[in-house]
Amino acid sequence: MQRELLFKVLVIGDLGVGKTSIIKRYVHSIFSQHYRATIGVDFALKVIQWDHDTVVRLQLWDIAGQERYGNMTRVYYREAVGALVVFDCTRASTFDAVLKWKDDLDSKVTLNNGKPVPAVLLANKADQAASQHPRLDAFCRDNGFVGWFQTSAKENSNIEEAAHCLVENVLSNDESTPVEREPTTLVLSGYANATKEHLGCSSCPK
């Protein structure tokens, strides 16, 4: 009998770094240049056949960039087991904000053992950036990220790999019993939209 695991994953970062584009690419295999800014929170569901015995349901929460300093983020973060922290390769200010997002995350949610939830750093819009980021290995090691990837939602670059990395780390921490239910739709102040796409996926390449 297969076990089913439901993991809540946050996608956080400054306004306009491409969080919604990453989720749309990963869940729906689509890309558009014209997404409206997320207001509050939105989420989508990605179903992965992880291995022969395990189905992983990733509930990806798209947290609006302007919500960073709002009191509602504690509600959004509740029960999350992992996070993708996104910045825009072409805008240095969004990288400067990464540690604020990471500190906010660590202050509001932890694993059952008290440790920080695993977080993967995404250097997004790589298709527009001329330079690489050789120092990010040390940056991630020093600041508690489990890894980083240079991604492009437009070119579908490294998004599957980043999600695979995060799920591997979440699974290594997971001691929960199998989840046999659909995720609950949570509406916050009337502006959250739930999107459910049950898309199968072969194991993502490492």
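**Entry 1. The sheet around S5**

I began with strands S5 and S6, which pair in the parallel sense over four bridges; two strands pair if DSSP finds at least two bridges between them. Helices (H or I, at least four residues) and strands (E, at least two) are DSSP runs, numbered from the N terminus. I record here that this is a predicted model, in which local features need pLDDT of at least 70 and side-chain atom pairs count only at pLDDT 80 or more, while totals for chains, interfaces and linings use all residues. Residues are numbered from 1 along each chain as its sequence is written, and side-chain values use heavy atoms, with hydrogens and water left out.

I then turned to S4, which runs parallel to S5 and is joined to S5 by six bridges. There, valine 86 stands opposite leucine 122 in S5.

I asked how many residues of S5 are buried. Six of its six residues are buried, and S5 is mostly covered. Buried means under 20% relative accessible area, exposed over 50%, and partly exposed in between (1.4 Å probe, protein chains only). Both faces of S5 are covered, with Ala119, Leu121 and Ala123 on one side and Val120, Leu122 and Asn124 on the other.

**Entry 2. Strand S1**

I next looked up S1. Nine of the 11 residues of S1 are buried, so this strand is largely enclosed by the rest of the structure. S1 pairs with S3 in the parallel sense over nine bridges, and leucine 5 stands opposite valine 56 in S3. S1 also pairs with S4 in the parallel sense, over five bridges. In that pairing, valine 11 stands opposite leucine 84 in S4.

**Entry 3. The chain as a whole**

I listed the secondary structure of the protein chain, which comes to six helices and seven strands. Read along the sequence, the pattern is β-α-β-β-α-β-α-α-β-α-β-α-β. Of the 206 residues of the protein chain, 50% count as buried. I also noted the contacts (heavy atoms within 4.5 Å). Among those in the protein chain with a separation of 6 or more, 75% come from residues 24 or more positions apart.

**Entry 4. The nonpolar cores**

A nonpolar core is a set of buried Ala, Val, Leu, Ile, Met, Phe, Trp, Tyr and Cys residues joined through side-chain atoms within 4.5 Å. I found that the largest such core has 29 residues, and that Tyr26, Leu58, Leu60, Val120 and Leu122 have the most contacts inside it. The elements that give two or more residues to this core are S1 (3-13), H1 (19-28), S2 (41-51), S3 (54-63), S4 (82-88), S5 (119-124) and H6 (159-173). H6 gives the most to this core, with eight residues. A second, separate core of 26 residues includes Ile63, Phe87, Cys89 and Leu105.

I looked up which residues leucine 60 touches. Not counting residues up to four places away in sequence, they are Val9, Val11, Ile23, Tyr26, Val27, Asp42, Phe43, Ala44 and Lys46.

**Entry 5. Rings and charges**

The charged end of lysine 46 sits over the ring of tyrosine 26, 4.7 Å from its centre. The criterion is NZ of Lys or CZ of Arg within 6 Å of the ring centre and within 35 degrees of the ring normal. The charged end of lysine 108 likewise sits over the ring of tyrosine 77, 5.9 Å from its centre.

Rings of Phe, Tyr and Trp (its six-membered ring) pair if their centres lie within 6.5 Å; planes under 30 degrees apart count as stacked, over 60 as edge-to-face and the rest as tilted. By this rule I noted three aromatic pairs. The rings of phenylalanine 139 and phenylalanine 145 have their centres 6.1 Å apart and their planes at 25°, so the pair is stacked. Both of these phenylalanines are buried. Ring pairs link Phe87, Phe95, Phe139 and Phe145 into a cluster.

**Entry 6. Two asparagines**

Lastly, I looked at the loop between S6 (147-150) and H6, where asparagine 156 is found. Asparagine 156 has a positive phi of about 55° although it is not a glycine, and is partly exposed, with a relative accessible area of 42%. Asparagine 158 is found in the loop between S6 and H6. Its phi is positive, about 70°, although it is not a glycine. Asparagine 158 is partly exposed, with a relative accessible area of 27%.
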